[in-house]
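I opened the notebook to record what I looked up in this structure, one topic per entry.

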Amino acid sequence: MPNRISFILITLIFLFCCVPLSFAQDADMIPDAGDYESKPIVLYSGIPKKYEIAEIKIAGTKDYEDYVLIGLSGLSVGQTISVPGEEITQAIKRYWRHGLFSDVHITAERIENNKIYLKILLTQRPRVSDVRYHGIKKSEREDLEMRLGMVKGSQVTPNLIDRAQTLIQRYFDDKGFKNAAVAIAQKDDPANENQVIVDIDIDKKEKVKVHRIIIAGNDAIKV
């Protein structure tokens, strides 16, 4: 009987010790490659590794063909890149320089041996659904519409807004409104997805008039 009790105790101790070991092994398992949520982890502090681009996908835009957007990146299938490396950094900079996107991300969808599958996520800047001028006459509005070229369907970029601001102030400066103030604001158009209404508020202020011109330091010619 004592031998039987000892055998049972030894068996229980053995089973109890094995349970945590099995759990630890399960916890350290790498997620299956088919798991949609699993993504390759790129350590940017690590040593760069060479990969061949096996695929490039575009997501987040609908107004441009994928091959056009891939071409903008400077990346191509079959190209060898370093991860982390300069090629991805330069691709992101190229998108920013075009000014058509408000956000850019390039991710590795998966890595198989030395091949990498990339996804380029782009957030497209909104387009103009309407332009509304405030504080000016109808004739002035028509003049500005021709000069600015900001029409329905135009893509709103920082360059477009800066150019409009400069041209409007120059237009009124030439008319004698030297202190004109221009404010350009955007608001989402609730009726159209990813489109904005552009409000242009213009305060011409008082027209600057020349009352008298004084020339000093001229002794040869009488004024």
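Entry 1, a loop residue. In which loop does Ala191 lie? I worked on a predicted model, and there I found Ala191 in the loop between β6 (181-188) and β7 (195-203). Is Ala191 buried or exposed? I read a relative accessible area of 66% for Ala191, and it therefore counts as exposed, the cut-off for that class being over 50%.

I counted 5 helices and 7 strands in the protein. Along the sequence I noted the order α-β-α-β-α-β-β-β-α-α-β-β. The protein has 223 residues, and 27% of them count as buried. For the accessible surface I have about 15900 Å², with 55% of it belonging to carbon and sulfur atoms. Among contacts with a separation of 6 or more, I found that 60% come from residues 24 or more positions apart.

I traced an open sheet of 4 strands with mixed pairing, in the order β2-β1-β4-β3.

Entry 4, pairing of β1. I took β1 (residues 49-59) and followed both partners. With β2, β1 runs antiparallel and is joined by 4 bridges. On that side I noted Glu52 with Thr80 of β2 as its bridge partner, and Lys50 opposite Ser82 in β2. With β4, the pairing of β1 is parallel and extends over 7 bridges. Here I noted Glu55 opposite Tyr117 in β4.

I went back to the β1 and β2 pair, which has 4 bridges in the antiparallel sense. Helix α2 (residues 66-73) also packs on the sheet, where it touches β1, β3 and β4 (115-124), and its direction makes about 145 degrees with that of β1.

Which residues of the largest nonpolar core touch the most other members? That core has 22 residues, and I listed Leu144, Met150, Ile168, Phe172 and Ile200 as the answer. Two or more residues each come from β5 (127-134), α4 (138-148), α5 (158-174), β6 and β7. The most come from α5, which gives 6 residues. I looked at Leu144 in detail: leaving aside neighbours within four places in sequence, it is in contact with Tyr133, Ile136, Ile168, Tyr171, Phe172 and Ile202. I also found a second, separate core of 20 residues, which includes Ile53, Leu69, Val83 and Ile120.

Conventions. Residues are numbered from 1 along each chain as its sequence is written. This is a predicted model: local features need pLDDT of at least 70, side-chain atom pairs count only at pLDDT 80 or more; totals for chains, interfaces and linings use all residues. Side-chain values use heavy atoms; hydrogens and water are left out. Two strands pair if DSSP finds at least two bridges between them. Contact means heavy atoms within 4.5 Å. Axes are lines fitted to C-alpha atoms, for helices over the stretch in contact, and angles run from 0 to 180 degrees between N-to-C directions. Buried means under 20% relative accessible area, exposed over 50%, partly exposed in between (1.4 Å probe, protein chains only). Accessible areas come from the Shrake-Rupley method with a 1.4 Å probe; for residues, only the protein chains shown count as cover. A nonpolar core is a set of buried Ala, Val, Leu, Ile, Met, Phe, Trp, Tyr and Cys residues joined through side-chain atoms within 4.5 Å.
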